[in-house]
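Thanks for passing this one along. Here are a few points to go through with the model open beside you.

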Amino acid sequence: MRIVYDIHVRLERVTSDQYFESDPSVASDPIVVDVTLPDVAFTMETDRGVFSRGHLDTATSMLLRADLPIAAEGNLLDLGCGAGPIALTMALRSPAATVWAVDVNARARGLCARNAARNGVGNIVVADPGDVPADVRFATIWSNPPIRIGKEALHELLLHWLGHLAPDGTAALVVQKHLGADSLQRWLGEQRFPADRLGSKAGYRLIGVASHPTDPRR
Ligand SMILES: C[S@@+](CC[C@H](N)C(=O)[O-])C[C@H]1O[C@@H](n2cnc3c(N)ncnc32)[C@H](O)[C@@H]1O
């Protein structure tokens with residue numbers, strides 16, 4: 001019994017570790033999930049090799065249920081879109097906006113695009129991060145960021161995309177406390193991104209970030 005359990009845990013780890021690969025080699029095996037939030041609902045195809053197969057991630061759910069302000073128009077960003085639950089929610093809540101859904105994982109981008117189509121959502125642009133024009137500025141950025149890529153890569157990623165916030169834009173990041181949410185918030189402050197805790201629940205922190213007052217890239 002003990003051995004079976006250990007094997008199960010190891011297989012889970014192997015599959016979940018592949019979620020941020022650019023081109024997952026694991027065989028596709030889709031599962032469709034119904035997502036119901038207080039104000040919007042959609043169905044979402046998920047798959048192996050992509051984060052959170054078969055369910056809406058707990059941290060993502062916290063972000064989407066937090067009643068965060070969101071710009072009604074302009075460009076919005078879901079950084080690390082996976083199958084697209086954040087992008088879909090943003091697009092449904094702000095139908096006059098354009099939601100950029102970026103991910104390094106090609107299978108995730110394919111799922112996100114199909115999920116937009118299957119729900120009749122026409123205001124999502126799914127893109128490889130490198131294909132987003134450098135002059136696009138985001139009024140709202142939401143992300144369940146890829147903490148597991150490592151601190152240095154995560155910092156570089158956040159500096160890049162938060163540097164593309166519009167002057168009065170805001171970002172919200174959901175991060176597990178035990179994966180360094182509080183030190184990430186402090187680090188953002190040290191980079192002169194005003195950051196504060198918007199919420200805390202069941203080991204997760206919701207971090208609010210405002211645009212850099214003097215960022216030369218704006
Ligand atoms: C924690 S998952 C969140 C996925 C999805 N937003 C959700 O809530 O279910 C983080 C995502 O970031 C993606 N990712 C990893 N490195 C990235 C990078 N450098 N640029 C953009 N996305 C990246 C991963 O492939 C993964 O899909």
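1. How many nonpolar, polar and charged residues does the lining of the second largest pocket have? In this predicted model, the count by class is 5 nonpolar, 4 polar and 2 charged residues.

2. The second largest pocket has a volume of about 170 Å³. Its lining is made up of Thr 58, Ser 61, Met 62, Arg 65, Ala 66, Gly 199, Ser 200, Lys 201, Ala 202, Tyr 204 and Leu 206. Helix 2 (58–64), strand 8 (195–201) and strand 9 (204–210) are the elements that each give two or more residues to this lining.

3. Do have a look at the largest nonpolar core, which holds 36 residues. The members that touch the most others are Val 35, Leu 63, Leu 64, Val 99, Ile 124, Trp 142 and Val 174. Among the elements giving two or more residues to this core are strand 1 (31–36), helix 2, strand 7 (165–176) and strand 9. Helix 3 provides the largest share, 5 residues.

4. Leaving aside residues up to four places away in sequence, Val 35 touches Val 40, Ala 41, Phe 42, Met 44 and Leu 56. There is also a second, separate core of 25 residues, including Val 102, Val 132, Leu 162 and Leu 173.

5. Helix 4 is worth a check too. Its 13 residues should span 18 Å at 1.5 Å a residue, and the end C-alpha atoms are 18 Å apart, so the two agree.

6. In helix 4, the buried residues are Arg 107, Ala 108, Arg 109, Leu 111, Cys 112, Asn 115 and Ala 116. The buried residues of helix 4 pack against strand 2, helix 3, strand 4 and strand 5 (124–127).

Conventions
Residues are numbered from 1 along each chain as its sequence is written. This is a predicted model: local features need pLDDT of at least 70, side-chain atom pairs count only at pLDDT 80 or more; totals for chains, interfaces and linings use all residues. Side-chain values use heavy atoms; hydrogens and water are left out. On a 1 Å grid over the protein atoms alone, a cavity is a set of points where a 1.4 Å probe fits but cannot get out, and a pocket is an open set with protein on both sides within 12 Å along at least five of seven lines; lining residues have an atom within 4 Å of a point. Grid points are joined across faces, edges and corners, and a volume is the space filled by probe spheres set on the points. Helices (H or I, at least four residues) and strands (E, at least two) are DSSP runs, numbered from the N terminus. Ala, Val, Leu, Ile, Met, Phe, Trp, Tyr, Cys and Pro count as nonpolar, Asp, Glu, Lys and Arg as charged, and the others, Gly among them, as polar. A nonpolar core is a set of buried Ala, Val, Leu, Ile, Met, Phe, Trp, Tyr and Cys residues joined through side-chain atoms within 4.5 Å. Buried means under 20% relative accessible area, exposed over 50%, partly exposed in between (1.4 Å probe, protein chains only). Contact means heavy atoms within 4.5 Å. The expected span of a helix is 1.5 Å times one less than its number of residues.
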